[in-house]
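Open the model in your viewer and keep the selection panel at hand. The stops below go from helix pairs to single helices and then to the core.

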Amino acid sequence: MANNIFGSDSSSALPGGNVAKPLIIALLALFASRYFGKKGADQTASAEPAPAPRIPQADPANASPGDILDGLGGLMKQFQQKGLGDTIDSWVNRGTNKDISSRQVSDALGSDVVDQLSRRTGLSRDEVIAELAKVLPNVVDQMTPDGRLPTPRELQRLMG
């Protein structure tokens, strides 16, 4: 039985577990760097944000629980702003998780985020979007077991 949200080497808690962990960590770190690096300014196309230096391509284990927690909050905010609040709320709250389509993931994240994730993971844009559509509901659900964002200590325990 898996002891963390990403599963173990022998038994993954997520479909495509070996791809999902670096992809999800890169996504959350990217959101953390964007939401907390901008200091609230809405810069969309003019300046490319600096890459998150704490997340190397091959070693996502260097992400701190604070980075991931901040990224989860940013991810939730982004989905809510794109009209997918009911969907992401179903992942956070107890009960059945609503599915999300690849198109909805792409619309919610935007092409710049998908492009950056593609570069960081080495996956194609279509692979990034398809993988996120499969794993996001379960990852967010498991990262919010009490129907709320976890504390950094709780998140560290969840990440094993």
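**Stop 1: α4 and α6**

Select α4 and α6, whose axes come within 8 Å and cross at roughly 105°. Axes here are lines fitted to C-alpha atoms, for helices over the stretch in contact, with angles from 0 to 180 degrees between N-to-C directions. Helices (H or I, at least four residues) are DSSP runs, numbered from the N terminus.

This is a predicted model: local features need pLDDT of at least 70, side-chain atom pairs count only at pLDDT 80 or more, and totals for chains, interfaces and linings use all residues. Residues are numbered from 1 along each chain as its sequence is written, and side-chain values use heavy atoms, with hydrogens and water left out.

Now show side chains. Ser102, Val105, Ser106 and Leu109 of α4 meet Ile129, Ala130, Leu132 and Ala133 of α6; contact means heavy atoms within 4.5 Å. By class, this contact has 6 nonpolar, 2 polar and no charged residues. Ala, Val, Leu, Ile, Met, Phe, Trp, Tyr, Cys and Pro count as nonpolar, Asp, Glu, Lys and Arg as charged, and the others, Gly among them, as polar.

**Stop 2: α3 and α6**

Select Ile88, Trp91 and Val92 on α3, then Leu136, Pro137, Val140 and Asp141 on α6, to see the contact. Its residues divide into 6 nonpolar, no polar and 1 charged.

**Stop 3**

Which residues of α4 are buried? They are Val105, Ala108 and Leu109; buried means under 20% relative accessible area (1.4 Å probe, protein chains only). Seen down the axis of α4, they fall within an arc of 90°, so they line one face of the helix. The arc is that of the directions from the helix axis to the C-beta atoms. Just after α4, Gly110 has a positive phi of about 85°.

In α5, the buried residues are Val113, Val114, Gln116, Leu117, Ser118 and Arg120. Gly122 follows α5, with a positive phi near 80°.

**Stop 4: the core**

Finish on Leu132. Beyond its neighbours within four places in sequence, Leu132 contacts Leu23, Ile24, Leu27, Val105, Leu109, Leu117 and Pro137. Leu132 is also among the residues with the most contacts inside the largest nonpolar core, which has 37 residues.

How values were computed
A nonpolar core is a set of buried Ala, Val, Leu, Ile, Met, Phe, Trp, Tyr and Cys residues joined through side-chain atoms within 4.5 Å. Buried means under 20% relative accessible area, exposed over 50%, partly exposed in between (1.4 Å probe, protein chains only). Helices (H or I, at least four residues) and strands (E, at least two) are DSSP runs, numbered from the N terminus.
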